[in-house]
Amino acid sequence: MLGIETSCDETAASITGRDADGACRILSNVVYSQVDDHAAYGGVVPEIAARAHVEAIDGIVRAALAEAGLGLGLGDVSAVAATTGPGLIGGLIVGAMTGRSIAAAAGLPFIGINHLEGHALTPRLTDGLSYPYLLLLVSGGHTQILLVRGLGAYERWGTTIDDALGEAFDKTAKLLGLPHPGGPAVERMALQGDAARFRLPRPMKGESRLDFSFSGLKTALRLAAEAASPLSNGDVADLCAGFQQAAAESLGDRMERALARFRAEWPGLADPVLAVAGGVAANGAIRAVLDAAARRHGVRLVAPPPALCTDNAAMIAYAGLERIEAGLSGDTGAIRPRWPLDKDAAPVLGFGKRGAKA
């Protein structure tokens, strides 16, 4: 399976398949990051991202084929999968049209993949998990708790009602003058800081619902930064440490409740698993909180390697592989900037011209 991912600011292609014994193998996973292209702006600029995808995509696909040992030929590829949503529409168009063109020229099936499904199935790619399992998806665009019942069967238990956690990290970094990408920069500074110095809120902590909120935490951080300005390096480190601890504790509280529900609703599972996916899953403090919560509830934490937590094409290729094996054609329709994974759930934030907002 050739997979293509261009939903945000990474241009990626991968060849993923199965051995004769059924084991899944990533034969290549090439990712071109546009971090340097967007660094001056403190965040991803959609127009710049789309143009960078156009310039890079052909070379990235060739590199993925070459790394997999297939050269420039497509004779050993069975199908092509590409992300068709959700994401930045310019990037989605580039990846989807490239994938469709390759498939048409080679006479191969094309499968449009939900980017979130790629993240949701990554623990099966890396650890061979069996259904069902609980999933925490934490990225720059999404923060959700999902029950993964099976392929295409996802039940949303909680979602953010404002900002995603990765977005909150990035905006915190921008506010404090740290480089893009913000998440790793905040984590590095937090290691040097005193998390107890600034009293920041723990949004939604104690709420029975499983949703998240990080907008108020961002506002509290901004007010604390303004009160302490001009900021020294020590002030920035303390603010980062306080923000990260508040975010981790808020996330931990939500997951404690989700894990209790998971154990109550699925008491007979021989190997109950909490899987975490998305770029924020690479944060050490977040992983530590999740690991502690999982242990308290007798649940195994599965966190894929950082390279497969961030956006990549191996997860898209694998999602396409599962769909081909299950006899599902996938989605080959219109590109969708908004595409909730749990399409049957009621939207939390309503609908817009592009579909359900969350």
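Mentor: Before we look at any pair of helices, note that an axis is a line fitted to C-alpha atoms, for helices over the stretch in contact, and that angles run from 0 to 180 degrees between N-to-C directions. The helices themselves are DSSP runs of H or I with at least four residues, numbered from the N terminus. This is a predicted model, in which local features need pLDDT of at least 70 and side-chain atom pairs count only at pLDDT 80 or more, while totals for chains, interfaces and linings use all residues. Residues are numbered from 1 along each chain as its sequence is written, and side-chain values use heavy atoms, with hydrogens and water left out.

Trainee: At what angle do the axes of helix α2 and helix α3 cross?

Mentor: The axes of α2 (residues 46–67) and α3 (residues 89–106) cross at roughly 30 degrees and come within 9 Å. Angles under 35 degrees count as roughly parallel, over 145 as roughly antiparallel, 65 to 115 as roughly perpendicular and the rest as oblique, and α2 and α3 are therefore roughly parallel to each other. A crossing is right-handed if the near helix is turned clockwise from the far one by less than a right angle, and left-handed if anticlockwise; that of α2 and α3 is right-handed.

Trainee: Which residues make the contact of α2 and α3?

Mentor: Contact means heavy atoms within 4.5 Å, and here A50, H53, V54, I57 and V61 of α2 meet G90, G91, V94, T98 and I102 of α3.

Trainee: How are helix α5 and helix α6 placed, and what is the handedness of their crossing?

Mentor: Helix α5 (residues 165–175) packs against helix α6 (residues 182–190) at an angle of about 70 degrees, with the axes 7 Å apart, and the two are therefore roughly perpendicular to each other. The crossing of α5 and α6 is left-handed, and its contact involves F169, D170, T172 and A173 from α5 together with G182, G183 and V186 from α6.

Trainee: Is D238 buried or exposed?

Mentor: Buried means under 20% relative accessible area, exposed over 50%, and partly exposed in between, using a 1.4 Å probe and protein chains only. D238, found in helix α8 (residues 233–265), counts as buried at 12% relative accessibility. Leaving aside neighbours within four places in sequence, D238 is in contact with G193, D194, R197 and F198.

Trainee: How many disulfides does the count come to?

Mentor: A disulfide is a pair of cysteine sulfur atoms within 2.5 Å, and by this rule the count comes to zero. The sulfur of C309 lies 16 Å from the closest cysteine sulfur, in C8, which is too far for a bond. C309 counts as buried at 0% relative accessibility, and C240 is buried with a relative accessible area of 0%.
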